[in-house]
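Here is a brief report on a protein chain. Look at the sequence and the model first, then read on.

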Amino acid sequence: MMLINLSLDKILDLLKYNQNDPLIFSTILFLFFFFIVLIFYNLFSKNKNIRVFLLIIFSLYFYYKVVGFYFIILIVSAVINFYLTKWMSTYENFTKRRWVLILIIVLNLAILAYFKYTNFILQIINDVANKNIEPLAIFLPIGISFYTFKALNYVFDVYLDTLKPAKNLSDFCVFLFFFPNLLAGPIDRASEFLPQIDKEPFISKEDLGKAIFLISAGLLKKVVIADYISLNYVDRIFDFPIRYTGLENLIAVYGYALQIYCDFSGYSDMAIGIAILLGFKLMDNFNSPFKATSIADFWRRWHISLSKWLLDYLFRPIQFKFRNLHLYGNMIALFITFLLCGLWHGAGWNFILWGALHGFFMSFALLIQKPKNAFYTKLRIKNTRFLKFFQVIITFHLVAFSFLVFRANNISLVGQVISQIFTFFHGEIITQFIEKLPLIFTLILVGYLFHFIPLSLENKIKKLIAVTPWFGKALILAVVIWIAAQFKSADIQPFIYFQF
């Protein structure tokens with residue numbers, strides 16, 4: 001009896017919110033729950049009401065396991081945005097419609113600002129006015145930036161009459177709560193997501209092959225590459241960069257660029273793969289970003305859903321505002337957009353500086369575009385592979401060193417890393433590095449090699465998985481989970497983008 005009670009207590013503890021044990025894709029508990037949900041979801045696939053009920057309940061439980069009772073904020077956000085947007089859509093009068101829109105924006109940004117930026121503002125007041133105001137004990141609900149932007153894209157599209165309001169609150173809740181992309185995107189468009197709720201789920205052989213490929217690739221990227229090189233190399237170097245040579249610091253810069261890509265794109269891959277198994281198609285979020293030939297190209301490949309959101313709802317209105325300034329108006333719009341993009345990522349000067357850097361890169365590239373093209377034409381290297389090779393190398397280094405700013409808690413860390421690279425490089429220790437840390441070297445090398453494999457090869461792998469019998473697919477997933485388990489650390493490593 002005692003054993004039964006003990007087991008029951010453990011199960012209840014497992015089901016409760018635990019700050020150190022969130023329900024994330026790379027945990028066995030998530031796979032167990034998702035398997036059960038998938039069974040019932042398919043059993044009642046013809047009944048929309050039951051499907052919607054299952055998605056809402058599991059999504060809320062999933063969020064409760066991550067943030068505790070702060071999941072209520074998500075419900076409040078859904079109610080506010082659904083009913084106020086419905087009210088706004090009833091007005092033909094432009095002025096009244098606009099006032100309701102402003103009210104909705106203010107409410108959304110006020111909730112986001114309170115949880116995310118209050119202590120940052122207090123810190124600025126302390127620094128500027130030489131005060132000593134204690135920071136408030138505010139819990140930052142994971143994913144609040146993502147679902148706030150999801151809600152706002154619905155509001156903006158209804159305001160612009162490019163989208164009809166959702167038929168009912170439950171449909172809107174499925175859109176906003178949908179657990180695969182709730183915590184870190186992709187920031188899917190309501191216009192593409194809402195119509196899918198009405199359709200009976202259908203998964204083709206190709207869809208299933210793609211889902212298995214994405215879930216496997218995402219798990220390997222997150223656990224095998226991102227977590228392993230982070231814990232066993234990158235964090236150690238960036239904790240004390242002056243203890244290491246410039247070569248080791250440079251490898252850490254490359255390692256962190258790969259880590260943040262594998263961490264975030266791994267999450268997106270798993271989110272898209274899981275959504276496919278539920279009959280939903282989410283937008284792609286990454287397209288080999290380190291193959292980019294310019295910073296503008298990078299943002300067409302990195303966090304695509306955010307880039308499109310910023311382009312449609314921030315850059316274009318600002319560009320329109322400054323249209324009389326022509327080229328300089330575009331440059332101002334780019335800089336402001338990326339400055340706010342940096343602020344969206346986090347309440348810290350490093351994020352603002354990172355956004356400003358990208359805004360500067362984009363604006364400067366626009367300013368020199370004409371003379372640069374004329375120069376390339378004169379040298380007869382425009383659109384050649386020779387030029388693209390160097391453009392990829394330069395763009396990658398601009399991105400990788402900007403990620404150093406993104407990660408740094410203080411600017412002195414950036415200075416120390418760069419100083420070590422330029423004044424204490426010691427390239428001769430590369431053989432010692434490979435001998436002492438063969439797995440780290442191999443993982444970074446393999447990570448970048450896979451990143452640069454041609455898209456045609458990736459599509460062939462997906463097709464091969466698609467035609468593999470069901471037991472073969474199950475075996476692939478089992479092998480991937482086993483490999484991930486061998487690399488998994490004792491502590492759960494949250495996804496980097498959860499902090500946003």
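## Helix packing

The model is predicted. Helix α4 spans residues 71-89 and helix α5 spans residues 94-129. They pack at an angle of about 170 degrees, and their axes lie 9 Å apart. Angles over 145 degrees count as roughly antiparallel, and α4 and α5 are therefore roughly antiparallel to each other.

From α4, the contact draws on I73, S77, I80, N81, L84, T85, W87, M88 and S89. From α5 come R97, V100, L101, L103, I104, L107, N108, I111 and F115. By class, the residues of this contact are 12 nonpolar, five polar and one charged.

## Nonpolar core

The largest nonpolar core has 146 residues. Within that core, Y154 and F403 touch the most other members. Helix α10 (residues 246-277) gives the most to this core, with 20 residues.

Leaving out residues up to four places away in sequence, Y154 touches N81, F82, T85, L163, P165, A166, F172, F175, A190 and L194. Two of these, N81 and T85, also belong to the α4 side of the contact with α5.

## L38 in helix α2

L38 sits in helix α2 (residues 28-43). Its relative accessibility is 17%, so L38 counts as buried. Beyond its neighbours within four places in sequence, L38 contacts L277 and L278. D227 is 189 residues from L38 along the chain, and 28 Å separate their C-alpha atoms.

## Salt bridges

The structure holds 15 salt bridges. One joins K167 and D198, with the closest N and O atoms 2.9 Å apart. K167 lies in the loop between α6 (144-159) and α7 (169-177), and D198 lies in helix α8 (residues 190-198). The two are 31 residues apart, and the pair links distant parts of the chain. K167 is exposed at 63% relative accessibility, whereas D198 is partly exposed at 34%. Salt bridges with shared partners join K48, K167, D171 and D198 into one network.

R407 and D235 form another salt bridge, at 3.0 Å from N to O. R407 is in helix α16 (residues 385-407) and D235 in helix α9 (residues 205-239), so the bridge ties together parts 172 residues apart in sequence. R407 is partly exposed at 21% relative accessibility, and D235 is partly exposed at 22%.

E458 and K462 also pair, their closest N and O atoms 3.3 Å apart. Both lie in helix α20 (residues 455-467), four residues apart, about one turn of the helix. E458 is partly exposed at 22%, while K462 is buried at 17%.

Note on methods:
Residues numbered from 1 in each chain as written. Predicted model: local features only at pLDDT ≥ 70, side-chain atom pairs only at ≥ 80, totals over all residues. Heavy atoms only, no water. Axes fitted to C-alpha atoms, helices over the stretch in contact; angles between N-to-C directions. Parallel < 35°, antiparallel > 145°, perpendicular 65-115°, else oblique. Contact = heavy atoms within 4.5 Å. Nonpolar A, V, L, I, M, F, W, Y, C, P; charged D, E, K, R; others polar. Core = buried A, V, L, I, M, F, W, Y, C linked by side-chain atoms within 4.5 Å. Buried < 20%, exposed > 50% of the residue type's maximum accessible area, 1.4 Å probe, protein only. Salt bridge = Lys/Arg side-chain N within 4 Å of Asp/Glu carboxyl O.
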